[in-house]
Amino acid sequence: MIDSYIGYSTNETIRYQSSSGGVGSSLLKWLFEKQIIETSITFVFNHRSLRYEPKLIYSYDDYVVTGSIYQEIDLIGFVKRNVDRIKGSFACFALPCQVAAIRNYLKEAGHESFIIGLTCSSQQTIEATYYLLKRLKVKKEDVRKLQYRGNGWPSGIQIECNRNIFIPNNNSLWSEIFHSRFFIRKKCFLCANTLNTASDIVLADPWLEFYLKNEKVGKTLVVVNSQKASDYLKRCYSDSYIELSPIDANLILQSQLYTIERKRRARNSLKIMTVYINLINNKWYRRLFLNPVLWNLHLYFKRIIENKII
Ligand SMILES: Cc1cc2nc3c(=O)[nH]c(=O)nc-3n(C[C@H](O)[C@H](O)[C@H](O)COP(=O)(O)OP(=O)(O)OC[C@H]3O[C@@H](n4cnc5c(N)ncnc54)[C@H](O)[C@@H]3O)c2cc1C
Ligand code: SF4
């Protein structure tokens, strides 16, 4: 870690539409407009599959501020399949487990890469979204648009169907589903790289008491990992694309402490974790506890196992 900051986009629309404070989208805008990169990736929502699909872009005008996407995307496979269509230097957003492979494909193809890393507690399979719709009694084919974050902070899941639905990101059915562990990959239980250390720059939500109480539009926590990122971020700030203030690196760690500590304890309790992961993935357990009548009982077990036993 070279530097750490808290900041936000000076473009009010980007800031509002983004997940946290829009530093990520504004940095991408700056990289395109200063002709530092020629290619990036955006995500397009497909209302038939309910999936966000990656798409190569060659200009910021084609970029969509989507907010964080909480469904699995095969970004590594997409870059591998499309590497021949990448022109010049390349930048994209990526989760910690995607960074090394993406960098390798680009390096092999002779492209310079700049990775804007997202902090990551876990990723959901698309089944999490399907389950939410089922619980809300919304038919998949009725969904016109679905967005997980953005439009204020910390916002929540926004569904356009025959009515408009908003479910907050915290203390809601969606946050229960998100943290239920029913819809995450096995590797997410033990993953040690929450802070995306291999990326050039890392973005996070300011999950700190002060911001949770006072922030409504959004701010981004930023960790700078490479000299190149330090240079770009400072120039992006001098060109007035973003506001930035230095922040103690310990506060960034503190904002993610729950996740980091939970996963550290999980890695130290591998035997119990194996039983726990197998139980959650057992088809009878799932059949029983995904039933809304027993749902709260699963959340209770989960809390006991994770907080008291592990
Ligand atoms: C699965 C997941 C888990 C996360 N877990 C945490 C966490 O535990 N703690 C925390 O503080 N923050 C977490 N984040 C990051 C956080 O939600 C914001 O993405 C981050 O703060 C970005 O800030 P920003 O407003 O500057 O970015 P923005 O300006 O909103 O730009 C973010 C861009 O990232 C891209 N993107 C979104 N989702 C994905 C995806 N799944 N894969 C690749 N690219 C994507 C989109 O192009 C989007 O426009 C997570 C994000 C994801 C996707
Ligand atoms: S928790 Fe780790 S393994 Fe799971 S999606 Fe995030 S980076 Fe990948």
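Trainee: How do strand β7 and β8 pair, and over how many bridges?
Mentor: This is a predicted model, and in it β7, residues 156–160, pairs with β8 in the antiparallel sense over 5 bridges.

Trainee: Which residue stands opposite Ile159 there?
Mentor: Ile165, in β8.

Trainee: What sheet are they part of?
Mentor: An open one with 3 strands, in the order β6-β7-β8, and the pairing is antiparallel. The edges are β6 (145–147) and β8 (164–168); each has a single partner strand, so one side of each is left without a neighbour in the sheet. On average, neighbouring strands here are turned by 5° against each other, direction ignored.

Trainee: OK, and the sheet with 6 strands, what's the order there?
Mentor: β4-β5-β9-β10-β1-β11, again open, with mixed pairing. β4 (90–94) and β11 (242–246) are the edge strands, each pairing on one side only. The twist averages 25° from one strand to the next.

Trainee: How does β1 join β11?
Mentor: Through 5 bridges; β1 covers residues 3–9, and the two run antiparallel. Gly7 has Leu244 in β11 as its bridge partner.

Trainee: Which strands does α2 lie across?
Mentor: β1, β4, β5 (113–118), β9 (201–204), β10 (220–224) and β11, and α2 runs at about 85° to β1.

Trainee: Switching to the core: which residues have the most contacts inside the largest nonpolar one?
Mentor: Leu27 and Leu31, in a core of 45 residues. Helix α2, residues 23–33, gives the most to this core, with 6 residues.

Trainee: What is Leu31 in contact with?
Mentor: Leaving aside neighbours within four places in sequence, Leu31 is in contact with Ile36, Ile37, Ala91, Phe114 and Tyr232. There's also a second, separate core of 17 residues, which includes Tyr148, Phe178, Phe182 and Phe183.

Trainee: What do β2 and β3 form?
Mentor: A hairpin, with 4 residues between them; Leu50 in the turn has a positive phi of about 65°. The strands, β2 at residues 40–46 and β3 at residues 51–57, run antiparallel and are joined by 7 bridges. Ser40 stands opposite Ile57 in β3.

Trainee: Last one: which residues are around ligand 2?
Mentor: Leu95, Pro96, Cys97, Cys120, Ser122, Gln123, Arg185, Lys187, Cys188, Cys191 and Asn193. By class, that shell has 6 nonpolar, 3 polar and 2 charged residues.

Notes
Residues are numbered from 1 along each chain as its sequence is written. Chains are lettered from A and ligands numbered from 1 in the order in which they are written. This is a predicted model: local features need pLDDT of at least 70, side-chain atom pairs count only at pLDDT 80 or more; totals for chains, interfaces and linings use all residues. Two strands pair if DSSP finds at least two bridges between them. Axes are lines fitted to C-alpha atoms, for helices over the stretch in contact, and angles run from 0 to 180 degrees between N-to-C directions. A nonpolar core is a set of buried Ala, Val, Leu, Ile, Met, Phe, Trp, Tyr and Cys residues joined through C-beta atoms within 7 Å. A residue is buried if 20 or more other C-beta atoms lie within 10 Å of its own, exposed if 12 or fewer, and partly exposed in between; C-beta atoms are placed from the backbone. Two residues are in contact if their C-beta atoms, placed from the backbone, lie within 7 Å. A residue is near a molecule or strand if its C-beta atom, placed from the backbone, lies within 6 Å of it. Ala, Val, Leu, Ile, Met, Phe, Trp, Tyr, Cys and Pro count as nonpolar, Asp, Glu, Lys and Arg as charged, and the others, Gly among them, as polar.
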